[in-house]
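Please look at the model shown below and follow the report that goes with it, which turns to a hairpin and then to aromatic rings.

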Amino acid sequence: MNENITIDVLWQLLNQHQNETFYTMKKLPFTYSVKGGEIFVDRRSKSITKATFEQALNKLKANPDQIKGPKSLNVFGAPYVWAILKTFEIV
């Protein structure tokens, strides 16, 4: 895990990569758009908040050896959060 990543750096990356195609672990394609402190994934009706990404980062920093995939993140929208973190080489 990239220990130096902060939520603000991650959010800046999220803003820069809107509308690009990402893939879940099950190889499902998705895109997202950022609106304020939320991202809206095209495969879901509910948004994933900046606080959720921060929670995921904190879990990764606290227990990097125990977080092996989306389920172990245990956050809302985990398959999408994991896919984004994986693409940005944070996990």
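In this predicted model, strand 3 and strand 4 form a hairpin with two residues between them, and G36, which lies in the turn, has a positive phi of about 65°. Strand 3 covers residues 32–35 and strand 4 covers residues 38–41, and the two pair in the antiparallel sense over four bridges. Within this pairing, S33 has F40 in strand 4 as its bridge partner. The ring of F40 also has the charged end of K35 sitting over it, at 4.9 Å from the ring centre.

The aromatic rings are the next topic. The structure holds five aromatic pairs, and the table gives two of them, with the distance between ring centres and the angle between ring planes.

| Pair | Centre to centre | Angle between planes | Arrangement |
|---|---|---|---|
| F22 and F88 | 5.9 Å | 85° | edge-to-face |
| F30 and Y80 | 4.9 Å | 85° | edge-to-face |

The pair of F22 and F88 links distant parts of the chain, since F22 belongs to strand 1 (residues 22–23) while F88 is in the segment after helix 4 (78–87), 66 residues apart. Both F22 and F88 are buried. Because F30 lies in strand 2 (residues 29–30) and Y80 lies in helix 4, their pair ties together parts that are 50 residues apart in sequence. F30 and Y80 are both buried as well.

Conventions: Residues numbered from 1 in each chain as written. Predicted model: local features only at pLDDT ≥ 70, side-chain atom pairs only at ≥ 80, totals over all residues. Heavy atoms only, no water. Phe/Tyr/Trp six-rings, centres within 6.5 Å; stacked < 30°, edge-to-face > 60°. Buried < 20%, exposed > 50% of the residue type's maximum accessible area, 1.4 Å probe, protein only. Lys NZ or Arg CZ within 6 Å of the ring centre and 35° of its normal. Pairing = 2+ DSSP bridges.
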